[in-house]
Amino acid sequence: MNVRPFNPVFMPVGILTAALQELTPRAVRDADADRAIEDWLVYARGLGVDTIQLSAAVHPTLADVPAEAMLDPLANTLDLREPFDRARARRVETALRSTGVGLSDLGYFDNLLHHDPALRRAKHEFLRRVFDAAVLLDVSAVCVFVGRNERLSMDENLADFETAYVPLLEEAKARGLVLRVEQCPMPGWTPLDSFHNNIAYTPGTWIALHRIC
């Protein structure tokens, strides 16, 4: 019997940049859209991690739910108020090379099944901008929530997912991206008294959603 020598493969260790909302002071990052990314990469190198998950979000002044109303506010480390173009991507790539820290994926954690049609369209359009930024940064995946339509039952949410969400999967695939789904139920995500604000939070719904896809 041939016994192969043990050859360990190490899992990269990363950190989500939303973990520290204000690593770069708001006044500094608002004036310089990519400064927060550079600061985070330097900080991550100091921590000894391999990668960061770069958090994108609508700017707090434009969000439909104010940060102070949420237990778990979002972070716009990747600031997309202005187009993320090739020049901005080169600046980030320079910081990646100089620190030796990689990007595991981009993250946009918002309610993509919001009941308000106008807000839903805005969130979907923002996600498309995250997709485009990922392509420019040569990142292979974007991590998201599914979300939940608070005005519909679970079965109705599954139907809503098929109609509204599957096209987003198709858009990600067309760009060569993998769409990853965060599984937290997101209590405290909205001002409403609801514990489950993301339908993709249990194995049962994961199976149902995968079957739909």
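Buried here means under 20% relative accessible area, exposed over 50%, and partly exposed in between (1.4 Å probe, protein chains only). The model is predicted, so local features need pLDDT of at least 70 and side-chain atom pairs count only at pLDDT 80 or more, while totals for chains, interfaces and linings use all residues. Residues are numbered from 1 along each chain as its sequence is written, and side-chain values use heavy atoms, with hydrogens and water left out.

**View 1. Arg120 in helix α4.** Arg120 lies in helix α4 (residues 117–136); helices (H or I, at least four residues) and strands (E, at least two) are DSSP runs, numbered from the N terminus. Arg120 counts as buried because its relative accessibility is 13%.

**View 2. The surroundings of Arg120.** A polar contact (2.7 Å) joins the side chains of Arg120 and Asp160. The term stands for a pair of N or O atoms within 3.5 Å; within protein, one must be able to donate a hydrogen and the other to accept it, and residues adjacent in sequence count only if both atoms are side-chain atoms. Leaving aside residues up to four places away in sequence, Arg120 touches Leu112, Leu113, His114, Asn149, Asp160 and Ala164, where contact means heavy atoms within 4.5 Å.

View 3. The buried residues of α3 are Arg88, Ala89, Val92, Ala95, Leu96 and Thr99. Seen down the axis of α3, they fall within an arc of 120°, so they line one face of the helix; the arc is that of the directions from the helix axis to the C-beta atoms. These buried residues pack against α2 (35–47), β3 (102–108) and α4. Exposed Arg97 and Ser98 sit on the face of α3 turned away from its buried side.
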